[in-house]
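Please walk through this model from its overall make-up to its ligand shells.

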Amino acid sequence: MGKMERFSFVALVAGILFFLFADFISWALPMFVLKDIPKKSVQDLVAEAIAKNTTAWSDFKKLAMYYPETFKKLCEYTEGFSGATEVIKDCKPNEKTFAKALKIGHRWYVAEGCWNCHSQMVRPVSNETLRFGIPGVSNTVSYPSEYKNELQAPVLWGTKRVGPDLIREAAVHNIGWQVAHLYNPLYTSPGSNMPGYPWYFTKDKNGNIVPNERGLSLIAYIMWLGSWEVKPPKEFRIEAKASETAVPGATEAETAKEEKVATVETKSVKKEEKKADGQAIFQSKGCAACHQAAVDTVGPSLKKIAQAYAGKKDQLIAFLKGKHEAIVDPAKFGIMQPQLNTTKVLSDEELNALADFILKHK
Ligand code: HEC
Ligand code: HEC
């Protein structure tokens with residue numbers, strides 16, 4: 001009995017000591033690791049992105065090109081809240097405008113509480129690099145020096161993952177997807193429980209969804225996340241399949257349910273149409289993210305496209321090969337253009353099936 005008592009006492013004291021030691025390690029160790037790494041300002045980060053020509057920088061230039069009016073407003077926009085107090089005269093994508101957008105985007109990311117549902121850290125456990133890392137690249141675990149900068153403060157590691165980790169988001173989706181998703185996540189991610197953020201958008205006179213100054217900035221910030229790790233010019237975003245991107249944050253059970261729904265739908269469509277090919281290509285290349293059968297979402301409905309191209313199948317195929325200009329909604333061609341990298345490389349047979357599938361929707 002006495003021996004047992006002695007043993008449990010030793011175990012208790014050791015337990016307490018280990019607890020204190022672990023506690024010490026968990027705050028002291030990161031502190032020592034980060035001590036000598038200088039904290040980067042937004043200006044430093046922007047200069048680096050431009051010098052290295054990262055995807056964040058090219059995406060920002062694209063945002064400016066796709067949404068020129070919003071971009072102009074961004075130059076004039078001031079906001080004490082995010083420290084963007086300067087009106088920028090030289091209104092071009094440059095260090096100043098990029099820094100301004102990132103600052104605003106970062107502040108609104110914090111203010112909206114996106115971090116309640118999204119973490120920003122890929123850990124070296126549980127195959128997280130496969131789930132949240134750069135697709136096709138295995139070694140994309142987060143490392144301390146990534147976080148020593150103004151755009152990661154306050155600490156945005158998050159506590160909970162209702163949605164996927166975002167620290168490698170730059171590699172995952174393109175601008176068109178981000179715009180559609182932020183406006184209404186259900187446009188791109190069936191079953192998503194992420195709320196829509198329509199107050200970051202306006203509609204132009206044609207009814208197109210256009211991000212406002214803050215929306216453009218928020219998207220620039222999201223697309224900056226992890227851009228320092230992405231090595232273009234591989235077609236790094238385009239190959240993501242609709243089925244893979246549909247509900248990335250869902251649990252396995254939910255994904256299985258989603259897949260079931262998807263197969264049921266495909267089956268019923270198959271019964272109606274024998275050309276399953278075109279449909280399959282359309283689904284697997286992610287076209288459905290922006291094109292619905294009968295309603296206009298990010299892109300025009302298939303019905304509208306089919307009507308515009310009625311009797312002009314060759315011209316439609318030429319468009320998909322990147323050899324014919326847009327006729328349906330040329331003002332929004334900027335969103336569609338990157339998708340042509342996907343369709344261009346299809347075989348003639350595949351393009352034919354795809355065109356048949358689209359034209360069926362007349
Ligand atoms: C209530 C929880 C919740 C909140 C709040 C939330 N999200 Fe999400 N988010 C999700 C879920 C769930 C998904 C996965 C399904 C989807 O794609 O919509 C997701 C997906 C995303 C994705 C795509 C990630 C990927 O790689 O597929 C981005 C980008 C994103 N959210 C950005 C944001 C931003 C920016 C905010 C704040 C303005 C935000 N989210 C707020 C739950 C949330
Ligand atoms: C990120 C959103 C997005 C995705 C993904 C997308 N599109 Fe589009 N698409 C658009 C927008 C926006 C337009 C309107 C601009 C235009 O007419 O070119 C469009 C237009 C079109 C048009 C009409 C072209 C014309 O003459 O105006 C066709 C055909 C088309 N898309 C086919 C496809 C196919 C096939 C895929 C899949 C490989 C695809 N789209 C994926 C957004 C998208």
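The paragraphs below go from the whole chain to single residues.

This is a predicted model, in which local features need pLDDT of at least 70, side-chain atom pairs count only at pLDDT 80 or more, and totals for chains, interfaces and linings use all residues. Residues are numbered from 1 along each chain as its sequence is written, and chains are lettered from A and ligands numbered from 1 in the order in which they are written.

The protein has 16 helices and two strands. Helices here are DSSP runs (H or I, at least four residues), strands likewise (E, at least two), numbered from the N terminus. Of the 362 residues, 33% are buried. Buried means that 20 or more other C-beta atoms lie within 10 Å of the residue's own, exposed means 12 or fewer, and partly exposed is in between, with C-beta atoms placed from the backbone. Among contacts with a separation of 6 or more, 69% join residues 24 or more positions apart. A contact needs C-beta atoms, placed from the backbone, within 7 Å.

Now the core. The largest nonpolar core holds 56 residues, and Leu63, Leu102, Ile219 and Ala220 touch the most other members. Such a core is a set of buried Ala, Val, Leu, Ile, Met, Phe, Trp, Tyr and Cys residues joined through C-beta atoms within 7 Å. H2, H3, H4, H5, H7, H8 and H14 each give two or more residues to this core. H8 gives the most, with eight. Domain 1 (43-229) and domain 2 (273-359) both contribute, so this core lies between them. The domain bounds come from an automatic or database domain assignment. Beyond four places in sequence, Ile219 touches Leu63, Ile175, Gln178, Val179, Leu182 and Pro211. Another core lies apart, with 13 residues, among them Ile305, Ala306, Tyr309 and Leu351.

Helix H3 covers residues 55-66 and reaches 16 Å from first C-alpha to last, close to the 16 Å expected at 1.5 Å a residue. The expected span is 1.5 Å times one less than the number of residues. Nine of its 12 residues are buried, including Trp57, Phe60 and Leu63. Its cover includes H2 (42-52), H5 (95-111) and H8 (213-224).

How many residues of H7 are buried? Nine of the nine are, so H7 is largely enclosed by the rest of the structure. Its cover includes H3, strand E1 (201-203), strand E2 (209-211), H8 and H14.

Thr188 sits in the loop between H7 and E1. It is buried, with 25 other C-beta atoms within 10 Å. Beyond four places in sequence, Thr188 contacts Trp177, Ala180, His181 and Ala289. Its C-alpha is separated by 9.9 Å from that of Thr297, 109 residues apart along the chain.

Last, the ligands. Ligand 1 is surrounded by 26 residues, and Cys114, Cys117, Gly163, Ser189 and Ser192 are the closest. A residue is near if its C-beta atom, placed from the backbone, lies within 6 Å of the molecule. That shell has 15 nonpolar, nine polar and two charged residues. Ala, Val, Leu, Ile, Met, Phe, Trp, Tyr, Cys and Pro count as nonpolar, Asp, Glu, Lys and Arg as charged, and the others, Gly among them, as polar.

Ligand 2 has 29 residues around it, and Gly176, Cys287, Cys290, Gly299 and Val328 come nearest. Its shell has 19 nonpolar, seven polar and three charged residues. H7, H13 (313-320), H14, H15 (340-344) and H16 (348-359) each supply at least two residues of this shell.

Terms used: Two residues are in contact if their C-beta atoms, placed from the backbone, lie within 7 Å.
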